[in-house]
Protein chains: 2
Amino acid sequence: MTTKTREASVRTEADTATRERILLEAARLFRHHGYAATTLREVADAAGIKAGSIYYHFESKEQILGEVLDKGIQAVADAVRQRVESLPKDATARMKVAAAIEGHLWGLLHHGDFTSANIRIYGQIPPAAKNRHRKVRREYADYWDALLDEATRRGELRRDIGATVARLFVIGALNWTVEWYNPQKGSFDDFVKQITTIVFDGTFVRE
Amino acid sequence: MTTKTREASVRTEADTATRERILLEAARLFRHHGYAATTLREVADAAGIKAGSIYYHFESKEQILGEVLDKGIQAVADAVRQRVESLPKDATARMKVAAAIEGHLWGLLHHGDFTSANIRIYGQIPPAAKNRHRKVRREYADYWDALLDEATRRGELRRDIGATVARLFVIGALNWTVEWYNPQKGSFDDFVKQITTIVFDGTFVRE
DNA sequence: GTCTATAAACGGATAGAC
DNA sequence: GTCTATCCGTTTATAGAC
């Protein structure tokens, strides 16, 4: 016999699958065409449903945008926290920053549609959507601030560079890799090694 | 560079002024709202004319886009070439790259609406517009390639980092500064000094 | 849950007056 | 050169059938 509970749970799983597909295709289209230029018909088409059906899963286009943006940050933040927290307790600040860089690049490049969409369109979205998304961004930025503050206190960061400039420059540089990184031109591990070297020690040989 | 929308012989100063105002406001709006989300009515409003009047100066919205994109690259490329070419003939590769960084940052930050618009929307514009703009981009990338090739031949660049990775990482990092640089938090010269230091020598103290 | 049909508003582009 | 008026396709969102 089929209970109501069981029916509901089955339906929910099917719901969830379609919902996730909508978010995935929306992220891909936002990334490549921008938010305003992406129509719900295109999203629906890519997800294998009709435009009207989207409104069973979402209240509005802007709600889809909000979830895409949040997922972009969350994918990166989760990867970073996981790696930093699995370090031994006596890890140096340099080791923590290295782990954070690896995690950031991993999350960034393994969820490219969400992360690139976030980076590309954040500066262009309606103010209401921006305000709703701001907290998630702020929390991740705070995490890096704490990491770099620690490095500063331990005297591992250069003193002739402002901490804020360093953080913004490095995070900006890391983020932009999603726009040009090509996995076919070398392994991910090699890539991380090169990026980490540049961040820590720069591009030129010592004079 | 400008595609003629009428006979050049009847062009007046008033024409040119209005035309430039349209481009300036379009760049500002493309930067902050994206290409698709920006309406010609908004551009016209900001430029102090009516929407229909735009078509006296431009053939289409996409033509405006093309000129905005080109101006963004040209502003940066001009500043870089000027600085590199005014160096003494026996300048080291390091000196040339430092001059290029200063020029790049200067052009980028002093024409922020054009450069930021370019960076933000290039990945999202119609393929036709992208193709038309590609050559200008390619030429500027080639300029940097030559500069870094020279540094490599002279043994000034690190050998453990790929030249392509270094160029893409550094240019990406420089470009993104237009998204967060705040002239009220320090002089431009100080800013350039810090950025140049990071690029050349990294963020951490030598072990 | 997904469909079809449609309402309501908007945007690029054009025509023609001044 | 700029304006007003308008055409025509497109878009988000809703209503109601199945």
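Which exposed residues does the face of α2(A) turned away from its buried side carry? In this predicted model, that face carries A:Arg41 and A:Asp45, where exposed denotes over 50% relative accessible area, buried under 20% and partly exposed the range in between (1.4 Å probe, protein chains only). Residues are numbered from 1 along each chain as its sequence is written, and chains are lettered from A in the order in which they are written.

Chain A comprises nine helices and zero strands, helices being DSSP runs of H or I with at least four residues and strands runs of E with at least two, numbered from the N terminus. The C-alpha trace of chain A spans about 70 × 45 × 35 Å along its principal axes. Of the 207 residues in this chain, 51% are buried. Among contacts (heavy atoms within 4.5 Å) in chain A with a separation of 6 or more, 72% are between residues 24 or more positions apart.

Helix α2 of chain A covers residues 40-47, and A:Leu40, A:Val43, A:Ala44 and A:Ala47 are buried in it. These residues lie on the same side of α2(A) because they cover an arc of only 95° around the axis, the arc being that of the directions from the helix axis to the C-beta atoms. An α-helix has 3.6 residues a turn, so residues three or four places apart point the same way. A:Gly48, with a positive phi near 80°, follows α2(A).

Over all chains, 27 salt bridges were found, each defined as a side-chain nitrogen of Lys or Arg within 4 Å of a carboxyl oxygen of Asp or Glu. One of them joins A:Arg132 to A:Glu62, with an N to O distance of 3.1 Å. This pair links distant parts of the chain, 70 residues apart, with A:Arg132 in helix α7 (residues 127-153) and A:Glu62 in helix α4 (residues 61-85) of chain A. A:Arg132 is exposed at 55% relative accessible area, whereas A:Glu62 is partly exposed at 24%.

In chain B, the closest N and O atoms of B:Asp145 and B:Arg167 are 2.5 Å apart in a salt bridge. B:Asp145 belongs to helix α7 (residues 127-153) and B:Arg167 to helix α8 (residues 163-176) of chain B, so the pair ties together parts 22 residues apart in sequence. B:Asp145 is partly exposed at 23% relative accessibility, while B:Arg167 is buried at 14%.

Key. Side-chain values use heavy atoms; hydrogens and water are left out.
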